Amino acid sequence: MPNSEHRKKTHRQSQKRNAANRASRSAMRSAVKAARTNVESDDAAKADAALTSAYKSVDKAAKSNLIHKNKAARIKSRLAKARNASAS
């Protein structure tokens, strides 16, 4: 446990940020998983809506440095590849 007052405050802040980051990361992963599931099904409209939502959450995560921008690009690329494979 921290001893000084400013270290205690820093610890509280880091716990808050950790919780927020964990929630954001979880929401992003859920959106990506939902997109994958909808892409595997044959409903094109649902798949497109889920992809849009997943892209948005991945971009937000990359913008806030929750994930690296290259990882975001990789996730989006794999989703698009899966969508195109299921469309044809």
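E5 is exposed, with a relative accessible area of 60%. By exposed I mean over 50% relative accessible area, while buried is under 20% and partly exposed lies in between, using a 1.4 Å probe and protein chains only. Those areas come from the Shrake-Rupley method with a 1.4 Å probe, and for residues only the protein chains shown count as cover.

Hello everyone, a word on what we are looking at. This is a predicted model, where local features need pLDDT of at least 70 and side-chain atom pairs count only at pLDDT 80 or more, while totals for chains, interfaces and linings use all residues. Residues are numbered from 1 along each chain as its sequence is written, and side-chain values use heavy atoms, with hydrogens and water left out.

Back to E5, then. Its partner in a salt bridge is K8, with the closest N and O atoms 3.8 Å apart. A salt bridge here is a side-chain nitrogen of Lys or Arg within 4 Å of a carboxyl oxygen of Asp or Glu. Both residues sit in helix 1, 3 residues apart, which means about one helical turn separates E5 and K8. K8 is partly exposed, at 31% relative accessible area.

How many salt bridges does the structure hold? The count is 3, so let me show you the others.

Next up, R83 and D48 join their side chains in a salt bridge, at 2.9 Å from N to O. R83 lies in helix 3 and D48 in helix 2 (residues 44-63), so this pair ties together parts that are 35 residues apart in sequence. Is R83 buried or exposed? R83 counts as buried, at 15% relative accessibility, and D48 is partly exposed at 38%.

Then we have K76 and D59, whose side chains also meet in a salt bridge, 2.9 Å from N to O. K76 is in helix 3 and D59 in helix 2, 17 residues apart, so to speak a link between distant parts of the chain. Both are partly exposed: K76 has a relative accessible area of 25%, and D59 has 36%.

Now for the overall fold. The protein chain has 3 helices and 0 strands, giving the pattern α-α-α along the sequence. The radius of gyration is 17 Å, well over the 12 Å that the globule rule gives for 88 residues, so the chain is more spread out than a compact globule. That radius is taken over C-alpha atoms, and the rule is 2.2 Å times the number of residues to the power 0.38. Along the principal axes, the C-alpha atoms fill a box of roughly 60 × 20 × 15 Å. Buried residues make up 23% of the 88.

Last, the surface. Which residues gather in a patch of positive charge? They are R29, R36, K71, R74, R78 and K81. Patch members have over 30% relative accessible area and no salt bridge; like charges are joined within 9 Å, and nonpolar side chains (Val, Leu, Ile, Met, Phe, Trp, Tyr) within 5 Å. Lys and Arg count as positive and Asp and Glu as negative, leaving out His and the chain ends. Each charge is placed at NZ of Lys, CZ of Arg, CG of Asp or CD of Glu. Helix 1 (5-40) and helix 3 (69-87) each supply at least two patch residues, with the largest share, 4 residues, coming from helix 3. R36 is found in helix 1 and is partly exposed at 46%.

Thanks, everyone!
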